[in-house]
Structures are given as C-alpha cells and as structure tokens.
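Reader: I am new to this one. Please show me the structure, and then I will ask about its parts.

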There are 2 protein chains.
Amino acid sequence: MIPKDHPRYRSLIARERLARCAREGVVTLEGLAAHGRGEAFDYLIGERTTPSAAVAARTAAAMLLSARHAVISVNGNTAALAADDIAALQRVSGADVEVNLFHRTEDRVERITRLLESHGVRVLRGTAERLIPLSHDRALCLPGGIGDADLLLVPLEDGDRCAALRRMGKTVITIDLNPLSRTARTANLTIVDELTRALPGITAGCSSLEPGEAERLIGSLDNAYLLRAAIDEIRENLSHALE
Amino acid sequence: MIPKDHPRYRSLIARERLARCAREGVVTLEGLAAHGRGEAFDYLIGERTTPSAAVAARTAAAMLLSARHAVISVNGNTAALAADDIAALQRVSGADVEVNLFHRTEDRVERITRLLESHGVRVLRGTAERLIPLSHDRALCLPGGIGDADLLLVPLEDGDRCAALRRMGKTVITIDLNPLSRTARTANLTIVDELTRALPGITAGCSSLEPGEAERLIGSLDNAYLLRAAIDEIRENLSHALE
C-alpha cells in the first residue's frame, strides 16, 4: 500500500506495524504515543545515522562483546519494530534476551515472547522476581537474566527504570532518539538513533571490531559528548529548516 | 492518580485523556502517534506559549472576527483534548464548528459530535459531499460549513488537506507544534503552540481586541517570520539543554 520509493517509506511502515501490534496487544497505547515522540526527534536528526551515533553503536558492540553477562531487555515497541534485528544481534553477540515491560501483564510477556521466537530470537523464560528498585510490576525481572547481568542493552527505556538499573550497579546502554531525555542522560552509553538503524549498526560492529579497537572505544567513551553532538546536529538541521 | 504538582501534569493528563478516547473510538491509533510527535515539539519549545505564538493567537482572533463565514474544523484529537476550549471560542467568535476527519467513518463523526455537544459546542450537521480536492473520504465536508467558509481554523491538520483547503481559496489558520511541518508552512497563519494553551489565547483575543487592532494585526501577518521565531526558540532551548 505504501510505495517503496516514498521518501518516508521506513517511517510509514514502522507506524503501520506499530498500529497493527497495538491492535494485537503487543504494543500499548502509551507505546504509540512514545513512538510518535521518537518520530519527531528522528525527523529533527534527519532520519539518518549521524557520525556520532555510528561511533556510539560501535562502542556498544565493544561493550556487549566485553561483558561477563550481557542481556538485551526487550519491550513491546522494540519487539514490534525490530524482532529480526534483535535476532541478528543475538547471533553475533551471544547476548541473552529478556522480555521486560513497563506496563507488564503475563499475557503481554507471552505475546511478545512468541513474536520474538517466531523471528528466531532465543528468549529467557522463568519466574520473575521484584529485583529492580521500583514500585509495582515495573520491578519484575528474571534472577538469571537482568538480575544477573553486568551489562544491559535497553532500547526505548523509561527514565525511572534506567536510573533504577544504574543503582543496581548495571552498565546500561540505551537507544533513544531524544538526546535530552532522562534515559539518554542516565545511561552509560546512549545511541541517539532510530531503533532499526541502530541495532544493525551494533550487529555490524560486533562482526568487524579490529584487535584492540574494543578497548580503545570503551576507554574513550564520553556519553555527554555524544549527547552534545546529537543536540548540535538538531540545532544545525533547524538552522537550515526553512530554506 | 497524577499529582497536580507534577511538573508535567498537563502533559500527562492530556496523554491519559487521549488513551481513554482511543479506547472509546474517538481518537485513532494514528492520532495517538501524532500526539506523541506534538509532545516532543512542545517539550522543545518549553511547554509554554512563546511571545510569537501569543501574537499569532491574537492575529487568529482578529481573522476569526473579520471573516464572512468562519468554521472551526474539529477532528478526534481536538475533540478529545479541547471540547471545552472549542465551546468557549465558539461563544465569543460566533464561528461554526464542523467535525471533519482524516480517518472518517460515520460512527466516528457521530461519537465526536456527541462528545462536543456534551461540552456545549453547537455542531453543524448535514449530508457531507466530496468538495475538498482529495481522494477518498478525506474529501468529504458540509456544503454549508467548510464548503462555504472563507476562513477555517483547523487545529492539528494534515499537510495534504491543508494544501487542498488553500487550493479551494480558503484562508487557513492552523495550530501545529511542529514549525517545520507541511501544514505549518502551508497555512496562512500557524500558531506554534499546544492546543489547550492556544485556543484560550484566541478566545481571550476575541474578547479584548482594541479598535483598529484587528486591521493592524492582519495587515502585518508574516507567517514565515512566526515559524522562524518558533524555530529560533527551539534552537535556543537546545543550546541550554545539557547545562
């Protein structure tokens, strides 16, 4: 229905997929609004991977491969938009994948798990416990998954939860199009890029790191610099916007 | 549930109200994502009415009062967020109100009409005809409403439709938080502000215009300047963002 040569093809396809997944109970209504906020910021960064985001994705690859126990925390929007990309990243990185939801019901966890598995993702299963220092079911995670991990990749995370995961002593990598968000500023590493561009970038990094490159990237990580670079991109794009 | 002193109280209340209206069929899933895009831009302009947006709202008041036949075109998001504000603006401006939807079904038109009427809005009713130069049901409007109007206030409009209304020779005022959108750039006058701040601003303008002020405001209308001012606000806010 949407022509492939439409200038905003990827964005329109993503929107359709999310609306379908909302009807199926995978994505929440809050998730749709959150996606809209992301679209606005993607528009402002030019709907492309900026040079600083490319460095961030490569640094994320280095961190994933260097971790003792890396876990990718997947929510409804991430599963809806990027199940294939998560499968590919899991294959090259060996990371565990855990479904972890802000608006958690066992039914949604099960739906999302099945969606991911149908795309070839191996998903951790087990009995969740209240291990994240937050109220309500936002605290639930698997003791052998997020509970044990030293490094988490949490795309599209909420600011409260990102801070709580940091308080647990975890290293947190996030993918967030809003460089001003609390998540972006709280994570150890923020990739300011759209999910389905960022994940393949990390996967490519995992397959192509050169000897010594991981140590160099991790040693020079400066998240404040990366966020500032993203903001400068937006400001620059805005200055040409009405030309 | 949301404490009144929460710094983002209005934004959170609006989000809750939209999600509820989506469950009731007033707001579409696409409408939720569109609201999210608006939230992102509102965040960037500082969640307040900027000086240039205040001038734009006052100019809108002058244009509404000077029109031969002004119609306020209301969609699902506008009805969900601002039925009371539409009623108040209709009282002071005498404008007609027509429900006009991008994702049009007679059921949604009826639900939105009833919602507006329950808040005291007088809503035009009748048989819609394909008068807007667009394909599909996006073309439908009332011959004695939008079809006859010389001036339209269309909050939260789509770019295609805004352009089609201009091609019909209508003067179009829009309320759009994204100063870069096609709608914002196509309208005769764009108020870059959040809906429930902008509408009371127009209403206040209608009640307080001084002799000669309407002519002066309309004579000095420069929409490109207003959009540039909004972009400059965002750039300025971004430059202080990480301090």
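Reader: In which hand does H10(A) pass H10(B)?
Author: This is a predicted model, in which local features need pLDDT of at least 70, side-chain atom pairs count only at pLDDT 80 or more, and totals for chains, interfaces and linings use all residues. Residues are numbered from 1 along each chain as its sequence is written, chains are lettered from A and ligands numbered from 1 in the order in which they are written, and side-chain values use heavy atoms, with hydrogens and water left out. A crossing is left-handed if the near helix is turned anticlockwise from the far one by less than a right angle, and right-handed if clockwise. For H10(A) and H10(B), the crossing is left-handed.

Reader: At what angle do helix H10 of chain A and helix H10 of chain B pack?
Author: Helices (H or I, at least four residues) and strands (E, at least two) are DSSP runs, numbered from the N terminus. Axes are lines fitted to C-alpha atoms, for helices over the stretch in contact, and angles run from 0 to 180 degrees between N-to-C directions. Both helices span residues 223-239, and their axes are 10 Å apart. The angle is about 165°.

Reader: Is H10(A) roughly parallel or roughly antiparallel to H10(B)?
Author: Angles under 35 degrees count as roughly parallel, over 145 as roughly antiparallel, 65 to 115 as roughly perpendicular and the rest as oblique. The two helices pack at about 165°. That makes H10(A), relative to H10(B), roughly antiparallel.

Reader: How many charged residues has the contact of H10(A) with H10(B)?
Author: Contact means heavy atoms within 4.5 Å. From H10(A), residues including A:Arg228, A:Ile231 and A:Arg235 meet residues of H10(B), among them B:Arg228, B:Ile231 and B:Arg235. Ala, Val, Leu, Ile, Met, Phe, Trp, Tyr, Cys and Pro count as nonpolar, Asp, Glu, Lys and Arg as charged, and the others, Gly among them, as polar. Six residues of this contact are nonpolar and two polar, while the charged ones number four.

Reader: By what turn can chain A be laid on chain B, and what relation is that?
Author: Copies are superposed by least squares on the C-alpha atoms of residues with pLDDT of at least 70 in both. The turn is 180°, with a shift of 0.0 Å along the axis and an RMSD of 0.0 Å. That is the relation of a two-fold axis.

Reader: Through which surface do the copies meet?
Author: Look at the interface residues of chain A. In chain B, 100% of them are also interface residues, so the copies meet through the same surface.

Reader: Which strands stand at the edges of the sheet in chain A?
Author: Two strands pair if DSSP finds at least two bridges between them. The open sheet has five strands with parallel pairing, in the order S2-S1-S5-S6-S7. An edge strand has a single partner, so one side is left without a neighbour in the sheet; here these are S2 (96-99) and S7 (189-191).

Reader: Which residue stands opposite A:Val71 in S2(A)?
Author: Strand S1 of chain A covers residues 70-74 and runs parallel to S2(A). Four bridges join the two. Opposite A:Val71 stands A:Asp96.

Reader: Which residue stands opposite B:Val71 in S5(B)?
Author: In chain B, S1 (residues 70-74) and S5 (residues 151-155) pair in the parallel sense over three bridges. Opposite B:Val71 stands B:Leu152.

Reader: Which helix of chain A lies across S5, S6 and S7?
Author: Helix H5 (residues 106-118) lies across S1 and S2 of chain A, at about 145° to S2(A). Another helix covers residues 195-208 and runs at about 130° to S6(A). The one across S5, S6 and S7 is H8.

Reader: Is H2(A) oblique or roughly perpendicular to H1(B)?
Author: H2(A) and H1(B) (residues 9-23) pack at about 120°, their axes 10 Å apart. That makes H2(A), relative to H1(B), oblique.

Reader: How are H1(A) and H2(A) set to each other?
Author: H1 (residues 9-23) and H2 (residues 29-45) of chain A pack at about 170°, with axes 11 Å apart. They are therefore roughly antiparallel.
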